[in-house]
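Thanks for coming. I will show one structure today and walk through a few of its local features.

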Amino acid sequence: FPNLMFVVEQPGRIMVLRRGRKLARPFLDIRSRVDFDGSERGLLSVAFPPDYRKTKRFYVYFVDNAGNIRVVEFRRKSAVRARQNSARLVIRIAHPVNANHNGGRLGFLGNNLFFGTGDGGGSGDQPGNAQNLNSLLGKLIRIDPRKSGRRAYTVPASNPFVGRPGRDEIFAYGLRNPFRWSFDRTSSKQKVRIAIGDVGQDEWEEINYLNLSRARGGNFGWNRWEGFTPFDGGGAGTIKPSLVLPHPPNCSVIGGLVVRDRSLPALRGRYVFTDFCNGRILSFKPHLGRAAGRPTGLNIDNVTSFGESLKGTLFITSLDGSVYRIRQ
């Protein structure tokens with residue numbers, strides 16, 4: 001539906017913009033099921049699979065009233081209205097004790113659904129969730145969310161821990177709070193790349209940019225490392241970030257995307273991102289290895305996410321309730 005834009009509101013609604021104008025009625029309203037605490041919890045993402053037009057299925061990621069992470073399937077009633085009573089639970093991940101570090105973004109690659117989960121919150125990942133292969137917290141998860149018989153979802157046979165110690169759903173581990181990540185849609189289908197913005201602890205925010213094949217089964221280091229700095233023991237065998245940001249003045253990196261918009265020649269092919277507290281929109285030329293960010297000249301307060309249209313038009317959302325379209 002190229003004329004429609006779906007905007008996720010953290011308290012639990014998905015609103016629709018038609019040709020830039022907000023429709024009065026939400027596409028989906030699940031506020032009664034969502035724990036929105038005014039901070040990190042809430043409705044955090046929506047994703048539409050490749051066969052959405054045919055199947056009418058879509059998926060949302062939210063924190064429920066018990067504080068746990070849920071990925072739930074819904075179906076649409078019309079182009080601008082979901083069936084409110086069509087919910088089917090795909091997966092529930094217990095998120096005990098702490099309200100922060102819930103992860104949040106869903107994304108499809110073919111029929112497989114990827115999502116990043118936070119380490120469970122608190123300071124320093126004291127339970128050790130991110131390095132624990134029997135926990136789904138602090139991970140990049142890959143599943144096929146379609147129901148199969150009695151199974152709410154299935155796991156691709158090529159997932160790295162299938163047939164090995166560890167949860168089959170895990171694609172990569174060692175993440176603190178990968179609140180926003182994206183696939184590089186400018187890369188080839190044979191060598192898909194992923195960019196993960198991972199929120200830091202006390203010293204460093206980080207962005208990991210690498211081939212998806214290298215991420216499979218990879219350890220991004222938390223809580224053994226924070227950026228390039230040993231945190232709890234350090235050690236070898238972890239994936240090092242492409243770029244780090246000092247904390248402070250930054251406080252929470254907001255991972256972005258590689259710009260495809262032809263009307264933005266100065267940014268096209270560059271990865272754009274920001275920090276929630278800093279507000280400066282930065283970019284770097286994506287390559288496999290260390291990178292250096294440069295200012296774009298744009299400043300937007302309290303950015304929560306980046307998005308794009310089917311044609312690659314770049315949008316940025318802010319906690320002030322605005323959706324910004326970036327133009328040359």
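How many cavities of 30 Å³ or more does the count come to? The count comes to two. Before I go into them, please keep in mind that this is a predicted model.

I will take the largest cavity to begin with. Its volume is about 90 Å³. It is lined by 17 residues, and those closest to its centre are E206, W222, W225, E226 and G227. Two strands, β16 (204–211) and β17, each supply at least two residues of this lining. Sorted by class, the lining of the largest cavity holds seven nonpolar, six polar and four charged residues.

The second largest cavity contains about 30 Å³ of space. Its lining is made of L245, N250, F273, T274, D275, N278, R280 and L282. Two elements give two or more residues to that lining, β21 and β22 (280–284). The largest share comes from β21, with three residues. By class, there are three nonpolar, three polar and two charged residues around the second largest cavity.

Next, a pocket. The second largest pocket has a volume of about 150 Å³. Residues from several stretches of the sequence line it: L109, R142, F171, K189, Q190, K191, V192, N211, L212, S213 and R216. Four of the lining residues are nonpolar, three are polar and four are charged.

Now the backbone. Which residues are joined by a cis peptide bond with omega of about 5 degrees? They are W222 and N223. N223 sits in the loop between α2 (212–215) and β17 (225–226). A further cis peptide bond runs from H247 to P248, and there omega is near -10 degrees. P248 is also in a loop, the one between β19 (243–246) and β20 (253–258).

Two residues have a positive phi without being glycine. For R19, phi is about 50 degrees. R19 belongs to the loop between β2 (13–18) and β3 (21–22). Is R19 buried or exposed? Its relative accessible area is 64%, so R19 is exposed, the cut-off for that class being over 50%. For K56, phi is near 65 degrees. K56 is in the loop between α1 (52–55) and β6 (57–63). With a relative accessible area of 34%, K56 is partly exposed.

On to charged pairs. Side chains of opposite charge can pair when their charged atoms come close. The count here comes to 10 salt bridges, and I will show three of them.

One joins the side chains of D29 and R31, at 2.7 Å from N to O. D29 is partly exposed at 27% relative accessibility, and R31 is partly exposed at 45%.

Another is between D144 and R146, where the closest N and O atoms are 2.7 Å apart. At 11% relative accessibility, D144 counts as buried, because buried means under 20%. R146, at 31%, counts as partly exposed.

Where is it? S182 is in strand β14 (residues 180–184). Its relative accessible area is 7%, so S182 is buried. Leaving out residues up to four places away in sequence, S182 touches R105, R193, I194, A195, G256, L257 and Y271. Which backbone oxygen does the side chain of S182 reach at 2.8 Å? The backbone oxygen is that of G256. A152, by contrast, is 30 residues from S182 along the chain, and the C-alpha atoms of the two are separated by 25 Å.

That is the end of my walk through the model.

Note on methods:
Residues are numbered from 1 along each chain as its sequence is written. This is a predicted model: local features need pLDDT of at least 70, side-chain atom pairs count only at pLDDT 80 or more; totals for chains, interfaces and linings use all residues. Side-chain values use heavy atoms; hydrogens and water are left out. On a 1 Å grid over the protein atoms alone, a cavity is a set of points where a 1.4 Å probe fits but cannot get out, and a pocket is an open set with protein on both sides within 12 Å along at least five of seven lines; lining residues have an atom within 4 Å of a point. Grid points are joined across faces, edges and corners, and a volume is the space filled by probe spheres set on the points. Ala, Val, Leu, Ile, Met, Phe, Trp, Tyr, Cys and Pro count as nonpolar, Asp, Glu, Lys and Arg as charged, and the others, Gly among them, as polar. Helices (H or I, at least four residues) and strands (E, at least two) are DSSP runs, numbered from the N terminus. Buried means under 20% relative accessible area, exposed over 50%, partly exposed in between (1.4 Å probe, protein chains only). A salt bridge is a side-chain nitrogen of Lys or Arg within 4 Å of a carboxyl oxygen of Asp or Glu. Contact means heavy atoms within 4.5 Å. A polar contact is a pair of N or O atoms within 3.5 Å; within protein, one must be able to donate a hydrogen and the other to accept it, and residues adjacent in sequence count only if both atoms are side-chain atoms.
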